[in-house]
Amino acid sequence: MSTAFPSSTLAVTSSKNSIRFVRQDLPLTNPCWLSLITSCSSKIRNIGIMAHIDAGKTTTTERMLYYAGYTRALGDVDDGDTVTDFMAQERERGITIQSAAVTFDWKNHRINLIDTPGHVDFTVEVERSLRVLDGAVAVFDASAGVEAQTLTVWRQADEHRVPRICFLNKMDKPGASFCYSVDSIKKKLKVKPLLLQLPIGAGRTFTGVIDLVTSEKVIWGPKTSDGDGAVFNRHPLVTADGPNLLKEARDARYALIEQVADLDDEFAELALRELCENIEAVPAEKLNAAIRRITLSHAAVPVLCGSALKNKGVQLLMDAISMYLPSPNEGQHDFKQWYGDDLCALAFKVLHDKQRGPIVFVRIYSGSMKPQSAVYNINKNCMERMSRLLLPFADQQIEIPSLQAGNIALLVGLKQTATGDTIVSSKASAAVASQRAAKDSGKKCDQNREQENLVLAGVEIPEPVFFCTIEPPSLAKQADLDRALICLQREDPSLKVKIDPDSGQTILCGMGELHIDIIHDRIKREYKIETHLGPLQVAYRETISISANTLDRTVGSKRNLITAELSVRPWLGEGPVTKPLIEFSDVLQEQLSTEILDAVENGLNTSFLQGPLLNFPLQDVVVTLESLHVHPGTSMPMISACVSRCLQKALRRAGSQVLEPVMNLEITVDEDHLSVVLADLAQRRGSVQEIQSRQDNRVVLACVPLAEMMVNYELSWILVLLFIDKVHISTFIFC
Ligand SMILES: Nc1nc2c(ncn2[C@@H]2O[C@H](COP(=O)(O)OP(=O)(O)OP(=O)(O)O)[C@@H](O)[C@H]2O)c(=O)[nH]1
């Protein structure tokens, strides 16, 4: 077992069952200390750990920290003493809410790992992490295979082109099935699994794995250690292991070699040239190198198995992370060439710390960072001063003197930066990079385009589907509540806060009941404000079903005279589109000044926020401005008001409809209760799409209107809950 930190750098404190390291003031010239920050970038792995809720991500992360020597006691989710679930709510509820970054070393590699939440309400948190990761580990409950939320996060990882490894966890659980899980990976995720291991036993008899790359048997037994799984037996397969096991292992290894040769030309050539006589004699290094190439090219996904809770198989997973997942250099990032050695970083998370203020998590793509230096935020167009630079160790952070490209760092002192902002060293460096970008694309950039080029694409935040009013205990506390909400919004872009124009009440909009509940709880605990939440309501939307007649509208007196003519039609492309899609005829675009065009856009945008039926925001509507006549001297707000009213009239004519958010459910239930579940779904206006078999259980795939899910939400015998994924949040049905 290696120890990542020299004992002189850290003091140890104990809390309940665990021991934590707390930073002591150290001279930064300590050589061991420096080795912490001078990792060669080819040895860095920025990876995420993602899965359906409760698959065992946090438990697996906890084991990794333990085996890497960062913790001296095994944290347990059920005891609420894990390192990555450090928020009070996470420890109490036993779930991950915020993704947490931890850094540790394993076999000469620096691993920056982000433990992401599995609950559907925090899907945006997963997406934010995937944006800055180079690779990911998908954890599965081996008794359930691919579950609903796994599909969602898998699709997100596909979008970000993140190479993955699969880890079939919970092999110790009764009902765990390696074959079933591999089958569901093939069928549901539509990928080729590359089986690198075979389990030895399953459920209570699960003792270890056969490593098919090295042809070795790896056993974690009670006799081999004190039960923490740090020590295990590894030996080549021998005749004494029994003919059945030997045959099974030989067949599986042969199949693996064949599959690798099929997917990797270099390996196929080697196999033909040097190994045709005895293909099974292929050296493990050659096989590993080919598996790495296959993983990086997304041709197949390595599959490993184990039991994090019973301390089996995690070290081999850590080996696989360092062997098969990419280093920061292997990612395809165009913008890196524009910045050269200049700093370019993306802020992917903001945390508010009571003592230190906002802490910004950044991924450094090029250049380096130093504390006490100024940086330029391209999105906010402002210079900011960073006071301290930290390496993230969950709730403990270690101060460092500098950090190079490829790493994940924490910055203290930035006041303006929010999640998704791009940070560079100066405005001048941004300008130089922009020129290079323009040269590359062969276009001359205007200032707006220049900025667009340089801002690293952030994460698309889906529109919230729930909202409620929030009130402070007294009017005097309103300012404190506003401040708290600003801080929480900086941390969590999926939280939206609005003021009701009629009542003046503050409205909290979130991604689900749990999301709003957690925010309410955080305001109470972290900001010491006892707030009152109004009843939770579903956020509906409005759209149109037909194209509307062209309209004329004239507003105002002689001084303010406008005649606008516009048409609307439903958007039929891939949706949903929640912003107005505005089209101008070519003639208009040339005729109208930028000022007038901006005023038109403002008017249409305002009108889009409140549909004509129930004042819900609009989606999937294309607006074409056919003509616009403006009397000289007309004010811009009058133009906005005119087109806004014009649009409302057109929408009424175009058959406005209310859209209702629908939730996709996956309900695992035993055969005896299936009929009760189906009856309940029918009562909730749900429609059943498919009923599958999962070992002894039935899995019902259904969709139910979100509003119906809030009534009697708890179905005691439903084992696996619901999910809304990015696609489904945006799939509304007409009612
Ligand atoms: N039997 C068994 N239980 C496990 C294993 N790994 C985790 N668990 C249990 O599964 C539950 C969920 O574990 P977590 O590690 O919190 O799962 P998670 O995926 O991080 O959960 P969220 O972050 O809330 O999505 C806990 O009760 C763990 O003790 C395992 O290998 N075997």
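This is a predicted model: local features need pLDDT of at least 70, side-chain atom pairs count only at pLDDT 80 or more; totals for chains, interfaces and linings use all residues.
Hi everyone, thanks for having me. The average pLDDT for the protein is 77, and 79% of the residues score at least 70. Where is confidence highest, and where is it lowest? Strand β13, residues 301-305, comes out highest at 96, while helix α21, residues 726-729, is lowest with a mean of 29. There is also a stretch at residues 444-448 where the pLDDT is below 50, and beyond near neighbours in sequence it has 3 contacts in the model. Residues 711-735 stay under 50 as well, and for them the model has 72 contacts beyond four places in sequence. For the complex, the predictor gives an ipTM of 0.97 and a pTM of 0.73.

Now to the helices. Two packed helices are described by the angle between their axes and the distance between the axes.

Please find helix α2, residues 57-67, and helix α10, residues 314-324. Their axes come within 10 Å and cross at roughly 85°. Which residues meet here? On the α2 side they are Thr60, Arg63, Met64 and Tyr67, and on the α10 side Val314, Gln315, Leu317, Met318 and Ile321. Sorted by class, this contact of α2 with α10 has 6 nonpolar residues, 2 polar and 1 charged.

Next, helix α7, residues 243-263, and helix α9, residues 284-296. Here the axes come within 10 Å and the crossing is roughly 55°, so α7 is oblique to α9. The crossing of α7 past α9 is left-handed. From α7, the contact uses Arg253, Leu256, Ile257, Val260 and Leu263; from α9, it uses Leu287, Ala290, Ile291 and Ile294. What classes do they fall into? The contact of α7 with α9 counts 8 nonpolar residues, no polar ones and 1 charged.

Our last pair is helix α14, residues 478-491, with helix α15, residues 513-527. The two axes come within 11 Å and cross at roughly 120°. That puts α14 oblique to α15. Is the crossing left-handed or right-handed? As α14 passes α15, the crossing is right-handed. Leu481, Ala484, Leu485, Cys487, Leu488 and Glu491 of α14 touch Ile519, Arg522, Ile523 and Tyr527 of α15. In this contact of α14 with α15 there are 8 nonpolar residues, no polar ones and 2 charged.

Let's switch to strands. Strands of a sheet pair through backbone hydrogen bonds, either parallel or antiparallel. In our model, look for an open sheet of 4 strands, ordered β9-β10-β11-β12, with antiparallel pairing. Which strands stand at the edges? They are β9, at 197-200, and β12, at 233-236; each has a single partner strand, so one side of each is left without a neighbour in the sheet. From one strand to the next, the twist averages 20°.

Inside that order, take β10, residues 208-211, and β11, residues 216-219. These two run antiparallel and are joined by 4 bridges.

I'll finish with a single residue, lysine 427. You will find lysine 427 in helix α12, which covers residues 427-441. What does lysine 427 contact, leaving aside its neighbours within four places in sequence? The partners are Tyr376 and Asn381. Tyrosine 376 is 51 residues away from lysine 427 along the chain, yet their C-alpha atoms are separated by 6.1 Å.

How values were computed:
Residues are numbered from 1 along each chain as its sequence is written. Side-chain values use heavy atoms; hydrogens and water are left out. Axes are lines fitted to C-alpha atoms, for helices over the stretch in contact, and angles run from 0 to 180 degrees between N-to-C directions. Contact means heavy atoms within 4.5 Å. Ala, Val, Leu, Ile, Met, Phe, Trp, Tyr, Cys and Pro count as nonpolar, Asp, Glu, Lys and Arg as charged, and the others, Gly among them, as polar. Two strands pair if DSSP finds at least two bridges between them. pLDDT is the predictor's confidence in each residue, from 0 to 100. Angles under 35 degrees count as roughly parallel, over 145 as roughly antiparallel, 65 to 115 as roughly perpendicular and the rest as oblique. A crossing is left-handed if the near helix is turned anticlockwise from the far one by less than a right angle, and right-handed if clockwise.
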